[in-house]
Amino acid sequence: MLELKGISKRYAGEKTFALNRVDLRIMPGEFVAVLGRSGAGKSSLIRCINRLEEPDAGEVVWNGQSITGMNARELRSIRGEIGMVFQHFNLLPRMSVLTNVIAGSFAVMPRWRSLIGAFTREDRTRALSALREVGLEELAKRRVEDLSGGQKQRVAIARVLMQQPTLLLGDEPISSLDAVTAKRVMTYIAGLHIERGITIVLNLHDVAMARAYATRIVGITAGCITFDDTPEQLGEDELRLIYPPDEEDGINILNLERNEVHVSREYN
Ligand SMILES: Nc1ncnc2c1ncn2[C@@H]1O[C@H](COP(=O)(O)OP(=O)(O)OP(=O)(O)O)[C@@H](O)[C@H]1O
């Protein structure tokens, strides 16, 4: 179980809290989509879970272990259990696809081996099998910088598979992909949930995707949870709460008819 207890985060120099005493309990095997307008605190929430950002207050507990109470060594080890996919993939662009996938186990690999690239035969076999699962085995030797966005995200998913995590965190993993590719990537992520029972927490900008794939939706507004229920309960009123009109520029970002949310001017 993943538990956030009173998590608060305020960035240096900012007046308002990015997260304001957030409490959240996620049971094993849940697929949670986190929705909210731009700046609501979605990334901060995801990043505070594995301490890519340090919360200012509160506690994160994963399977009975307090992540917030861990020292650097313990944190490295727990991160081996927690996979992460990002909007911009976070891959090593000049390295091969295979090397990137093997890098998924760096957190659990003795440091000297990861430094000199001395991968074992077993590492390669496992990485190739992960690539097969996302349909990219033939591209194993290709440099990552030569791949399309969708292929890069599938490499990132293969890297997560290699890591064999029990928890997958995603910070807008489909935001930079076109609609068709985004759907394909979501299908792979859903596969991790359905076939392996991995607990998943993803930030998404796309309400339709959240409804289609998640088992639970958490809405964040100005650093606070304003919705937490099943996708079926997410109606128009709830969407208005999660996506209030921008007071400063008066743009109502919610287009209920098209069932999609424009999160910033660039998306329009
Ligand atoms: N490194 C930072 N330094 C200062 N302020 C930050 C930093 N990161 C985020 N913030 C602020 O914290 C608030 C929440 O940001 P966060 O990135 O968590 O929101 P978000 O919902 O993920 O937004 P988006 O959908 O645009 O990515 C925003 O007001 C943002 O400007």
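How many helices and strands are there in the protein chain?

## Overview

There are 9 helices and 12 strands in the protein chain; helices (H or I, at least four residues) and strands (E, at least two) are DSSP runs, numbered from the N terminus. The model is predicted: local features need pLDDT of at least 70, side-chain atom pairs count only at pLDDT 80 or more, and totals for chains, interfaces and linings use all residues. Residues are numbered from 1 along each chain as its sequence is written.

Of the 268 residues of the protein chain, 38% count as buried. A residue is buried if 20 or more other C-beta atoms lie within 10 Å of its own, exposed if 12 or fewer, and partly exposed in between, with C-beta atoms placed from the backbone. Among contacts between residues at least 6 apart in sequence, 66% join residues at least 24 apart. Two residues are in contact if their C-beta atoms, placed from the backbone, lie within 7 Å.

## Domains

The domain assignment gives domain 1 (1–78 + 168–175 + 198–268) and domain 2 (82–164). Such bounds come from an automatic or database domain assignment. The contact takes 10 residues from domain 1 and 9 residues from domain 2.

On the side of domain 1 that touches domain 2, helix 2 (72–79) and strand 7 (167–171) each supply at least two residues. Strand 7 gives the largest share, 4 residues. By class, this side of domain 1 has 4 nonpolar, 3 polar and 3 charged residues. Ala, Val, Leu, Ile, Met, Phe, Trp, Tyr, Cys and Pro count as nonpolar, Asp, Glu, Lys and Arg as charged, and the others, Gly among them, as polar.

## Helices 6 and 7

The axes of helix 6 (residues 149–163) and helix 7 (residues 179–196) come within 10 Å and cross at roughly 10°. Axes are lines fitted to C-alpha atoms, for helices over the stretch in contact, and angles run from 0 to 180 degrees between N-to-C directions. Helix 6 is therefore roughly parallel to helix 7 (angles under 35 degrees count as roughly parallel, over 145 as roughly antiparallel, 65 to 115 as roughly perpendicular and the rest as oblique). Residues making the contact include Gly-149 and Arg-154 of helix 6 and Thr-181 and Tyr-188 of helix 7.

Leu-161 is also in helix 6. Leu-161 is buried, with 25 other C-beta atoms within 10 Å. Not counting residues up to four places away in sequence, Leu-161 touches Ala-130 and Glu-133.

## Ligand

Of the 12 residues around the ligand, Tyr-11, Ala-18, Ser-38, Ser-43 and Ser-44 come nearest. A residue is near a molecule or strand if its C-beta atom, placed from the backbone, lies within 6 Å of it. The shell around the ligand has 4 nonpolar, 6 polar and 2 charged residues.
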